[in-house]
Amino acid sequence: MRNNLYFKFGLVIILGIIGVMTIQIFAMYGLRYHSYKMKLIETTDQTIDRLAKSVGDFLIVYGLQDYKIAIEREMVNPDFLAIIVDDRRMAYSIEADSYITGKIRDSDRRVVDFKESEPAHLRALKNHVYIASRTIEDDSEYLGNIEIYASNRLLKKSLSDFLTTAVLQTFIVGFVLFVVLMVCIKRFLIQPINSLTELVRGVEAGDFTKTTGVKANDEIGRLAASFNRMTIQLNHTLVDLKEEIGLRKRFTEILECTSDIVSIATWDSQITYINFAGRKTLGWFSENDAVSKKIQDLHPKWALEIIEQIGVPTAVANGVWKGETAVFDEKGNEIPVSQVIMSHKSSSGVVDYLSTIMHDISDRITIEKRVRYYRNFLESIIDSMPSALIGVDPEGKITQWNREAEKLTGLTMQNTHNGYLYQALPQLAGKMEIIYKAVQTRMPLRENHFPFKRGDSVSYLDIVVYPLITDELEGAVIRLDDVTERIRIEEELRIHQNHLEDLVRERTIDLEAANAALKKAKEKADSASSAKSEFLANMSHEIRTPMNAILGFSEILYGKETDPQKVNYLDSILASGKSLLNLINDILDLSKIEAGKLDLHYTAVSPRRLFIEMKTLFGRSIVEKGLDLIIEIPDELPEILLLDETRLRQILINLIGNAVKFTKSGYIKISVRHVYAEKGYKSSLDLLFAVEDTGSGIPEDKKEDIFAAFEQLKDGKARQFEGAGLGLTISRRLIEMMNGKITVESAVNQGTVFNIILHDVEAASANLSDSGRLKEIDYASIQFQPAVVLVADDIEYNRDLVKGYFEDYDIRFLEAETGRETIEKAGAEFPDIILLDMKMPDIDGYEAARILKGDPELKSIPLIAVTASAMKSDEEEILMICDAYLKKPVSKSDLILEVMNFLPHSRITPQNPNLQKPSLFMTEDFTGASLLQYPDLNKLLTREKGRVERLISLMAIDQIEAFAMEMRSIGEKFGYSPLVHWGEALFTAAQVFDMERITSVLSTFKTATTRYSLPEI
């Protein structure tokens, strides 16, 4: 508040008004007091003069009583305190010293007669009254003395009233004056000053856009106008300054980003700025460190001399100097630079500072050195070339001339004097058109065997003109090759060629005769191959047909028989039949391989499952011989690979079968590993696996013979092992077709190792499809709708086999023995499906299928070809005229699965599964969700999963039988019949050494406890 100008002005005005008012009041008081006093004196003097005269008159004429009355009348004036008369005459009359009479006011201001006792009182009044005295005379006779005591009491009261009125009036006038003055001050002084203050604050804050808004012609208005002009000018200056700062900032940013060294120094060489590139190059990463240096710190001594003696003086004189010097890097090494020094002068012409731009020319110098090297290198190459090379510009002027050109023409580059080509070599004057044409078209042109005369000798030259083009046409290069010797040699070669042509014609006649003989031999070979193929096809059909009945009826009996012993016999029949079927397949495969007609079919395969499957497949025979089967598969082996599963399984069966056959004691080991083709590239790999045994081994001289067809090793007693000797032959051919290789390591009585590598096996990204798994079907769950099936086969037991497969279904069968009978019954009965054998008397299956598919009324009947043919060409032809294809021998599952694609059917669930009699290997109920109803049993079985995995790995029959009985007892204890049936099935499979079934039953245990196990709490 005390710093407020308005308050200060108000305080000064108030004090001023108070001062003025005080002076005015005191002045008026003094004037009024003087006026009253003078008036009192005047009145007193007039009164005493009058009384003096009157009293004199009264004394002479009237006597004492009269002038007392006159005195009392004068006492009417309240200002008079006393009127005293000293009457000398009266004193003389009464013989006294004096006779004093008069009137005086008492303490109550009443007029009373004067008493003699009151002179003391009068003396006390002398300090407060005006005393006027006169002598009373008559004709110069002294009559006495008269005194009037006048009081200023009324004067003071009057002055007091005046003073009160004056103060009140003065206060009112002063207040009004104060308000008026304050309003005027605020309006004409404070507000403009506040506007100026706000303007100054805005300027202080950096806002130069505001003005005061004060409009007056007085000093403050002129001051405000000056301030407005100043802010406008400052605003323009600020805009210019910001633009300049922005330009400087951008300029600095550019300097900081440039790769050149930029520095600024004072005239005395003190560096004031150096950009980032300079600080980094020179090793000064801190700007503060950089600006503490001098120019002398940047350059080596020789470069500094150039700068001080030439660079700076030139820059001062001309404004700029350019040259090449060097600077030190952070390690003290010299860096060659191209340097520009610029001087910056003030308006008076004095140099303010120097700026320097330095560009690192190390690369340029290196390139120049390299260019010089390559130029010399190219000149050396050009001079060492066996052809004459002449360079010319677009106008035909010589620019280059190598040593071979000197030898050919006898001229040097100095002799040509950089003249034109037609002047230096007149022999080429007629060829300038070719040169100009090559230059104009920018395409190489050539002329062969041009005669070039030099002195008395004539040479033949090949002329080639190459346009020399970079960014623009720069001329041409002319190559001259002396082909005189080559022409001579070519002429000699033509002579020899003519002679050779005669010899060739004679040889051709002999070759044509030989080709004719070879053609006849080929025709015989093709005829033999065709006969062989036909023989194999017939043999396949004749063997597969009875095999179809053997395996088919055995499978039917297998499903009906419950006696374990008889089931074992049937199992042996099926195994022998499959062995015979494998032999047939081996013979056919070998024939297909030799004929080049065997195709590989790559699908997504689980290699781990395929190798583990071998344990199941050979488990029984290995256990019977007392051998150990070891399978080593790394955990990191890819789960899915693209392989021909059928052929890879065939290879493994052949190799492991041989190992089992020739090993009497010890072990058989299958080891697998893989190697990626490229590190980090895991979509392609090399698959390596080995089959090792501790058998009899192979002699060194027989290692290659074992891969020959129909070759077998013999033991020491010359006993021939069973088999046709085709397994290794086919395996080797299949491995080679799979881009692989098989090798053998063996020693007599020390065992054998077959090493196989398959190159570039692709890792599949998709999961293994169901097509790659074993097909299993629950026949009891399939319910076909009533249908009519026509079975066409010329062999009765083949027809009976089909009917036996479908005896549990509501299907009516029609039978036909020939193709003609098939067509007639199809037209008469219109069956729902036809099972057609492809080899029948009268009309075979091929012709019958074409007729049926060509009949508009019968073509909709599905045709399933059932044939024993195994040739690839037959399969392709069958699929073109039939809807499906099955190869004999046909299993029940294959036939039912195929028929399900054409006949309406449904899946049913038995209403009371507990009433069904459990089959020999019944484990289906154990996979159901019913296990969840037995939580304690569920937890118990879940803990046995690890034990089941060990049993699957070891395949120890005694341990499996013990585990089966243990599970049966647990099932009886908990009253859970599916586990009882499962234990019985596992025990029965172990008794007959059915390794495949053992693995399957144990797997159901893992499935049940994995899918339906409760989480442990």
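Reader: Why does Asn749 count as exposed?

Author: The model is a predicted one. The relative accessibility of Asn749 is 66%, and the term exposed applies over 50%; therefore Asn749 counts as exposed. This residue lies in the loop between β21 and β22 (751-762), and its phi is positive, about 65°, although it is not a glycine.

Reader: What makes Asn739 partly exposed?

Author: Asn739 has a relative accessible area of 40%. Buried means under 20% and exposed over 50%, with partly exposed in between, so Asn739 is described as partly exposed. Asn739 belongs to the loop between α19 and β21 (740-747). Its phi is near 60°, a positive value in a residue other than glycine.

Reader: How is the packing of helix α18 and helix α19 described?

Author: Two packed helices are described by the angle between their axes and the distance between those axes. For α18 (residues 645-662) and α19 (residues 727-737), the angle is about 140° and the axes are 9 Å apart. Their crossing is left-handed.

Reader: Which residues make the contact?

Author: From α18 come Arg647, Gln650, Ile651, Asn654, Leu655 and Asn658; from α19 come Gly727, Leu728, Ile730, Ser731, Leu734 and Ile735.

Reader: How do the residues of the contact of α18 with α19 divide into nonpolar, polar and charged?

Author: Six are nonpolar, five polar and one charged. Arg counts as charged, and Arg647 of α18 is one of the contact residues. Gly counts as polar, and Gly727 of α19 is among the contact residues.

Key. Residues are numbered from 1 along each chain as its sequence is written. This is a predicted model: local features need pLDDT of at least 70, side-chain atom pairs count only at pLDDT 80 or more; totals for chains, interfaces and linings use all residues. Side-chain values use heavy atoms; hydrogens and water are left out. Axes are lines fitted to C-alpha atoms, for helices over the stretch in contact, and angles run from 0 to 180 degrees between N-to-C directions. Helices (H or I, at least four residues) and strands (E, at least two) are DSSP runs, numbered from the N terminus. A crossing is left-handed if the near helix is turned anticlockwise from the far one by less than a right angle, and right-handed if clockwise. Contact means heavy atoms within 4.5 Å. Buried means under 20% relative accessible area, exposed over 50%, partly exposed in between (1.4 Å probe, protein chains only).
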